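Visitor: I have a structure to explore and some questions to ask. Could you guide me through it?

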Amino acid sequence: MSKDKKLVDDVDNLDAEVGSESFDFVKEEEKILKMWKDIDAFKTQLKLSEDRKKYTFYDGPPFATGLPHYGHILAGTIKDTVTRWATQTGHYVERRFGWDCHGLPVEFEIDKKLGIKGPADVLKMGVDVYNNECRSIVMRYSKDWEEIISRLGRWIDFQNDYKTLYPTFMESVWWVFKQLYEKNLVYRGFKVMPYSTSCCTPLSNFEAGQNYKDVQDPAVVVIFPAIDDEGKDLGYSFLAWTTTPWTLPSNLALCMHSELDYVKVKDKKHNDQVFVFAESRLSELFKSPDDYELLDKQKGSFYKGQKYRPLFEYFTGTVGKHAFQVLNDTYVTSDSGTGIVHQAPYFGEDDYRVCLEANIITKMGPIVCPVDATGHFTSAVSHFSGQHVKEADKNIIKHLKDNHRLYSQATIQHQYPFCWRSDTPLLYKAVPSWFVRVEDFKDKLLVNNSQTYWVPEFAKEKRFANWLSDARDWAISRNRYWGNPIPLWVSDDFEEVVCVGSIEELKQLSGVEEINDIHKEFVDKITIPSKMGKGVLRRVPEVFDCWFESGSMPYAQVHYPFERKVEFENNFPADFIAEGIDQTRGWFYTLLVISTAIFNKPPFKNLITNGLVLAADGQKMSKSKKNFPDPSEVINKYGADSIRLYLISSPAVRGDSVKFNENGVRDVIKDAFLPWVNASKFLTQNIERWEAEQGKKFVYEEILTYTGTNIMDKWLLSSIQSLLKFVREEMAAYRLYTVLPRLVKFIDTLCNWYVRLNRKRLRGETGPEDSFLALNTLYNVLFLMIRLCAPFIPFLTESIYQRIKKYLGEHSEKLEYTSVHFLLVPDVKEDLIDSETEKLFEVMQRIIVLGRTIRDRKKLPLRLPLKELVVIVENFDGIEIAIKSVETYIYEELNVKKFQLSLNKEQYGIEMKAKPNFAVLASKVKDKMKKLGGLIEKMSDLQVQEFTKNGKFVLDDTELTLEDIQILPKIDTAKFSQYEPAFDRNVIELLDISPDEEMINEGVLRDVVNRVQRLRKEYKLVPTDDIVIYYQVKPENSKLNALLQKSNQYLENNLKKPFKPYDSSLSLKVKGKSFDFLDGKVELWVEKVEQ
């Protein structure tokens, strides 16, 4: 029987026993939400924990201009789980929701709404009007966010939130900036930066890296005739390659690698013109050696300083004498193009650097950048004035062709950066910006990063550390309007600069007495008198990049240093943060830059970064493609707990991507939640039975040490403490991905092992005292389990807790016992841990699972008794005695007449053989696959045992691990043909699968009992209902009829209800149901007896 089928059957069986009261997970969660609201649960939890040690958590601010997606849900669930865990392990955790209110996401929406094309449109309508429009949509979806986040069970403070538009927040950002300014870490400069023409602003390098796409661009080879100092042609031309023809009007130089070989050839296909290009590109430019004649070969250094004829005359009078010559630099490669790169210094970072070093341009200008803020050519480029640069490509190419300057043209597919907000192609363009000198303290960034702890570690050690190693100065200004204004007041010549660090300072410097809002439309009106006789100082026009604001949130959210100064400093750095792995170049980076620059500390101690949540087809989730289910619909269908557990037990918590599959959410309910719910129902109904029979209340007794004799109780109590110890250790290391599988496995252990194997005790069949011991053990474990799982599965644990809370006695009335989320996760009780008992039960479980596997493989139902089970257990000292304490369960679960333990597999002619695991091996040893496979199959029993013991083995100079092979027992079928073998780790199992008539009959009786139980479930009957089972067999002379008549006592003992022949005179309310067994058909009625 497969594991899934087994779980479903167990759920069915438990339901049959405890009744079929339906459990609607969604409605149950809605009840819990109402309860939490009624008791103000989150605030009450904060109040109860306010005197504990503080645990600091920073919540990265999302934009409220769109609805939350699965990435937000995953990150939010991780944050909620960890902060709940911190609270329930003895901490006070303030959790405030934050909102990113400024920047491109908001402005882009308004630009679309109002049809704004560029800065002129904003100035025409007025910055105040524009910003009011932005302000009106900032919190458009905030209520939706609050509803969805709350529905997911996340406890976080929305009333005491922080918003980047609050004056208090903005003021702290000013303070942060002034600290950087006073440390001489801020400067104004020109730099080639990624530029969004649709948003009319530069982007930082990490923003530009967020949205690369495969695109097709023109690839042209352009002719640059070499000339002498007087402008006369020298009879040859350079061939330069570019994929951005629109930059050619701004060409100021060519660049060659000094050490590469360049050839001068006569091109027979182009009228014997002579061209110079990299030797390695000959085969790319010419199909046949017959197409050219080699004239000369020189290093790139040979051509350094050689002048050439400009493509266009636009800037020949603007730039100096050093322009339009060949330069040398090592960034030039010969693996594409021609090995010669055209230089447009204000449209490429390398171009800018190389031309700056060659004195073709200077930092102070003039700037050759004939492209306006919207990406259109200015009038300086007369042939293409007003054309968007990307649209102008084709016209520029035509112009080159008409003027005999085009050698060839083609298209190339490559990755190109797009604006992360507008999804339009970025340009690289020189713009004036304010920068933070990140390169000056890059080493400190690496040191502070080393002091942080990341899960997964590779994201810190590789992805983030590599990014830090290449960190460049950070452009923190944006040429926009809706943002936090950069607090610099300057004279017209920029010789006098005043940096303002607070609202109070601005009041004092300006003389303005009342300043309530410091957005652009308010502070741009404020001037500061010059102390140098330069009239008045005015604020620079730029606003802060919104990433600067989010990187400042640790300080700004508490209005530091203007409020809560001591409290903040005592709790900085934060204990924990979490976001998606894309934030390694975003929020994680800006947090570290600012905290290092100001305090020389990391901003956080511990971090979990999750991978991406993709659509089921592996593609990025897309609203337009509709390739993922709406999160709200999934929540309303399966509940929040199931989606939480699905996401935080996925590979995404290890930083990997996960393909979202709705069936996986559904399976959480089937595989984990339903068995747990039914086990809790089973407990409470049998407690009620015990109370009714004993005439007194059941009160939970905490088990501190185990003094009983029941091996099953001892095992379960040990197992839950071992689990508690494991979870505490792993949560201290923030490894959610190791915790969740163990928690889910224990739910299976609790429901499908302890409850299943102890049903007789729990139902009182072994006496009231033993029943109490079993019920109290189960209660102890279930009570601990729901506290342990509460941070991960908040709704279901609360639901179960509210059903069992009344058995806590006087504690149940105390405020701290109102919710499971108010309770602390207990410390580990080491005295209850018995590793030998747990080891024994692992062996027992393997034996039972292997037996079920054999039955499933041979299609032998469990109701059919089998003659003998032989088990060989290796590497377990004392197993002969220990196994006797659990052999009763083996008999019952596998339905065998005889159980035999052996330590000698040779006695049964067993050899352990190995087979290659082709799926794994194929990727390791492709060319040796066949040879290695043969060697593996020839391995002796001793070699296989050695392999198993050591975990690795060397064959043909190749080291193999256990995952490379499959180990199977091989039995001497001539002597032991009745046995079917199975193997798992240290357990070899032989099951005698030859049934006889007596065993077949016993199997039929078990099946009849099972059918009755299923009918009880179908009719929604519970164990306390008084019922009578009637039966009728046709034909009357069948073996089946004789068997049921003969076995009446057996059936009544197992059913615990009367089992009587049907009489046609009876007037029954239920319809009978027929089932085929042996040579007949039995009809069964399950009739409830009215009191």
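Visitor: Which residue stands opposite Ala574 in β26?
Guide: This is a predicted model. Strand β25 (residues 574–580) pairs with β26 in the parallel sense, over six bridges. In that pairing, the residue of β26 opposite Ala574 is Phe604.

Visitor: How many residues of β26 are buried?
Guide: Strand β26 runs over residues 604–610, seven in number. It is largely enclosed by the rest of the structure, because the buried residues number six of the seven.

Visitor: How many of the residues of β25 are buried?
Guide: A residue is buried when its relative accessible area is under 20%. The rest of the structure largely encloses β25, because its buried residues number seven of the seven.

Visitor: Which helix has nine of its nine residues buried?
Guide: The buried residues include Ala640, Asp641, Arg644 and Ile648. The helix covers residues 640–648, and with nine of nine buried it is largely enclosed by the rest of the structure. Its name is α23.

Visitor: Is Asp217 buried or exposed?
Guide: Asp217 is found in strand β7, residues 212–227. Leaving out residues up to four places away in sequence, it touches Thr243, Lys390, Ala410, Thr411, Ile412, His414 and Tyr416. The cut-off for buried is under 20% relative accessible area. Asp217 has 9% relative accessibility, so it counts as buried.

Visitor: How far apart in space are Asp217 and Ile804?
Guide: In sequence, 587 residues separate Asp217 and Ile804. In space, C-alpha to C-alpha, the distance between them is 67 Å.

Visitor: Are α9 and α21 parallel or oblique to each other?
Guide: Helix α9 covers residues 167–182, and helix α21 covers residues 587–599. Their axes come within 9 Å and cross at roughly 60 degrees. Angles under 35 degrees count as roughly parallel, and 65 to 115 as roughly perpendicular. The two helices are therefore oblique.

Visitor: How many residues in the contact of α9 with α21 are nonpolar?
Guide: α9 passes α21 in a left-handed crossing. On the α9 side, Trp175, Val176, Gln179 and Leu180 make the contact. On the α21 side, Ile594, Ala597, Ile598 and Phe599 do. One residue of the contact is polar, none is charged, and the number of nonpolar ones is seven.

Visitor: What is the handedness of the crossing of α24 with α26?
Guide: Helix α24 (residues 662–694) and helix α26 (residues 736–757) pack at about 45 degrees, with their axes 9 Å apart. That angle makes α24 oblique to α26. The crossing is left-handed.

Visitor: How many residues in the contact of α24 with α26 are nonpolar?
Guide: From α24 come Ala672, Pro675, Trp676, Ala679 and Phe682. From α26 come Val744, Ile747, Leu750, Cys751 and Val755. No polar and no charged residues take part, and the nonpolar count is 10.

Visitor: Which are the edge strands of the open sheet of four strands?
Guide: The strand order is β30-β29-β36-β35, with mixed pairing. An edge strand pairs on one side only. The edge strands are β30 (896–902) and β35 (979–984).

Visitor: Which residue of β36 is the bridge partner of Tyr979?
Guide: β35 and β36 (residues 987–992) pair in the antiparallel sense over six bridges. The partner of Tyr979 in β36 is Asp992.

Visitor: Which helix packs on this sheet?
Guide: The helix touches β29 (866–873), β35 and β36. Its direction makes about 45 degrees with that of β36. It covers residues 835–857 and is named α30.

Visitor: What percentage of the residues of the protein count as buried?
Guide: The protein has 38 helices and 40 strands. Its C-alpha trace spans about 120 × 85 × 55 Å along the principal axes. Of its 1091 residues, the buried share is 57%.

Definitions and conventions
Residues are numbered from 1 along each chain as its sequence is written. This is a predicted model: local features need pLDDT of at least 70, side-chain atom pairs count only at pLDDT 80 or more; totals for chains, interfaces and linings use all residues. Side-chain values use heavy atoms; hydrogens and water are left out. Two strands pair if DSSP finds at least two bridges between them. Contact means heavy atoms within 4.5 Å. Axes are lines fitted to C-alpha atoms, for helices over the stretch in contact, and angles run from 0 to 180 degrees between N-to-C directions. Angles under 35 degrees count as roughly parallel, over 145 as roughly antiparallel, 65 to 115 as roughly perpendicular and the rest as oblique. A crossing is left-handed if the near helix is turned anticlockwise from the far one by less than a right angle, and right-handed if clockwise. Ala, Val, Leu, Ile, Met, Phe, Trp, Tyr, Cys and Pro count as nonpolar, Asp, Glu, Lys and Arg as charged, and the others, Gly among them, as polar. Buried means under 20% relative accessible area, exposed over 50%, partly exposed in between (1.4 Å probe, protein chains only).
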